[in-house]
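Subject: Handing over a structure, with notes

Dear colleague,

I am passing a structure on to you, together with my notes on it. Please look through the sequence and the model before you read further.

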Amino acid sequence: MELKEKILAGYGLVLALAVAVSVWAVINLSQLGSASEAILQENYRSILAAENMVNAIERQDSSLLLILQGHEAEGLTQFRQNELAFLEWLGRAKDNITLEGESEVLQTIEAEYLTFIEVSTRLPATASGHLPGVSSYYLDIVLPKFNQIREACIDLREMNQAAMLAASGRAQEVSVRAIWSTAIFGVSVGAIGLIFSLLLSNILVHPLKEMTQAAERIAEGDYDVAITVKSNDELGRLGQEIRSMSRKLKHYHEMNVSRLLTEKRRGEAIIRSINDGIIVIDADFRIIAINPMAAQILDITLAEARGQHCFDVLKSPNLYAHMKSVAETGQPPQLDTRESTFAVQHGDKTEYYQFSITPVRTEQDQMLGVVLLLQDVTKLAELDRLKSEFVMTASHELRTPLTSIAMSIGLLMERAASKLTGDEQDLLQAAQEDAQRLRNLVNNLLDLSKIEAGRMEMEFEPVGVSLLASRAISTMAAQISEKGIVLSQHIPDNLPAVKVDPNKITWVLTNLIANALRYTDEGGHIAVCTEKMSNFVGVSVADDGIGIPLEQQSKIFDKFVQVKSDQTVGGSGLGLAICKEIIKAHGGAIWVESVPGEGSTFTFTIPIANPPSTGP
Ligand code: ADP
């Protein structure tokens, strides 16, 4: 049976029961109605007739008394009127004989009444004779008849009243029976309806419950669900569909799991086979995967490393800080080669690894963790170190002979110039300039290699920025005025002191002013400005010289980078690289803003000596 038919059958039965109760109630009500009707029909008319007959005969008796008192005409009229009334009600009573013995009573009344009329009609004749005889006639003959008829009429009335009472009792019985039977029938029908409704709802709800539980278990990944619903209706078919769906899902899940396992194994194999160290870290910075190379680098076994906090394994606050920032921002860090090098000590041997950190995110941009790649750059670092040491030694060794060459040329030019020809003097002049340039180059190389090797000592002390600026400006003042350039300075008095190595920062500022001077034509302008920037003081050197092409602006702080122009002749391309290293060693930053043909502004920041506490 289909679900719809089951529901219809259920409701149909309840409806049929309700109709049966209604029919039962209607039958009972109609029985009650006919019982009441019977009371009215059967007895009420007879009682009314008896009552009226009593009234009529009493009035006739009164009219006889009138006659006896001498009002004959009036008495007679009244007597006849009531005679007619009596007979009329008698006729009605006869038409409505409903009780046993009623007919006999009526016959008696009729017979006695005829006698009463007869004896009464003789009374006036007697009355007009002599009065005492009339009275005794009335008392002895007429009055007893009257009383007899009156009694008979009262009997008739009481007989009917008794019958009416009995009928009323019967009607009462019918009504009580009707109430009880209807109540019992109604309660039984209600109970049957309730039982049937519960049965029907159970038939419907039980399979639905079972299927809901099955769906919940499937949603939780348990595909072994057993659905016992076997009916042929829609619910049975739904149960079958859920069974087949769970089988298919289970199959699909198993396929997916095996595919995922294959993918995982493939991924692990790739990670294992890579010669660089790879560590995969989850959002809580715990190691979830690590390849043998990474384990070897960090001197840990694969099993030990898994699940550990990366900080405990890497033991590098700097690397951990970068990983944390990648996890928070989702952006790989912008680091130069030296900043992204990670050193590991193996016994007395230091190994260097270039690290790169890549964020791992879901398609919904949820951060899952980071992947850390460690590439062995020990050989390169060693080579770099050797190169730096070579440059340092070479520059150091070259500095003394170059100084003496420059001094010798200088002396020669001073003392023997008069003995030389013009060409020889020009050659000597060129040799002096070259020696000077070489000295500059060697000095710069020595400075840079010292900074890179971390051997340049910094002597930090609190100092006013205006002092540094005036030192640098006074160094360059002669050359500035010689070239006809106007230098302006904007240095507020209320700037806080900065914590710097004054000689190094003066060197940086002098270098920037020297560059501005070199790359600005005669009559140009240079401005030195300072301003407070949070916990730093920003110092900028602006010029309205030739400017720097946009594509070169990010490169000019690298070693040996020069933008080709007439003015670059004589430069080494190391000045800005040294500036950048010095500023970095102070914890500041340096950058350039420039428009080719309009000028350049170089700005660097240095930390203030007593920064206000930022609070907890
Ligand atoms: P150099 O010794 O060649 O000046 P720097 O490192 O000081 O080396 O400068 C690198 C390059 O940056 C220069 O060759 C020049 O092209 C460019 N440069 C530096 N300062 C300025 C400036 N104020 N205006 C234009 N170009 C500049």
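Predicted model: local features only at pLDDT ≥ 70, side-chain atom pairs only at ≥ 80, totals over all residues.

Residues are numbered from 1 along each chain as its sequence is written, and side-chain values use heavy atoms, with hydrogens and water left out.

I begin with the ligand. It is surrounded by 20 residues, the closest being N515, D543, Q562, V563 and L576 (a residue is near a molecule if one of its heavy atoms lies within 4 Å of it). There are also polar contacts, that is, pairs of N or O atoms within 3.5 Å; within protein, one atom must be able to donate a hydrogen and the other to accept it, and residues adjacent in sequence count only if both atoms are side-chain atoms. A polar backbone atom of L576 is 2.8 Å from an oxygen atom of the ligand, a backbone N or O atom of G575 lies 3.3 Å from a ligand oxygen, and a side-chain N or O atom of Y519 is 3.3 Å from an oxygen atom of the ligand. Of the 530 Å² of accessible area that the ligand has on its own, the protein covers 97%, where accessible areas come from the Shrake-Rupley method with a 1.4 Å probe and, for residues, only the protein chains shown count as cover.

The salt bridges come next, each being a side-chain nitrogen of Lys or Arg within 4 Å of a carboxyl oxygen of Asp or Glu. By this rule the count comes to 18. In one of them, K94 pairs with E110, with the closest N and O atoms 3.1 Å apart. Because K94 lies in helix 2 (residues 72-95) and E110 in helix 3 (residues 102-128), this pair ties together parts that are 16 residues apart in sequence; helices here are DSSP runs of H or I with at least four residues, numbered from the N terminus. K94 is partly exposed at a relative accessible area of 36%, and E110 is partly exposed at 28%, where buried means under 20%, exposed over 50% and partly exposed in between, with a 1.4 Å probe and protein chains only.

Another salt bridge joins the side chains of E118 and R122 (3.2 Å, N to O), and these residues, four apart in helix 3, are separated by about one helical turn. E118 is partly exposed at 47% relative accessibility, and R122 is partly exposed at 43%. D365 and R361 also form a salt bridge, with their closest N and O atoms 3.4 Å apart; D365 is exposed at 53%, whereas R361 is partly exposed at 36%.

Turning to the aromatic rings, the structure holds seven pairs, counted when the ring centres of Phe, Tyr or Trp (its six-membered ring) lie within 6.5 Å, with planes under 30 degrees apart called stacked, over 60 edge-to-face and the rest tilted. The rings of F311 and Y320 have centres 5.3 Å apart and planes at 70°, so this pair is edge-to-face, and F311 is partly exposed at 33% relative accessibility. Ring pairs also link F79, F86, Y113 and F116 into a cluster.

N160, in helix 4 (residues 131-219), is buried with a relative accessible area of 0%, and its side chain makes a polar contact of 3.3 Å with the side chain of N43. K315 has a positive phi of about 55° although it is not a glycine; K315 lies in the loop between helix 8 (310-314) and helix 9 (317-329) and is exposed at 64%. F560, likewise not a glycine, has a positive phi of about 60°; F560 is found in the loop between helix 14 (550-553) and helix 15 (575-585) and is exposed at 52%.

Technical notes
Helix = DSSP H or I, 4+ residues; strand = E, 2+ residues; numbered from the N terminus.
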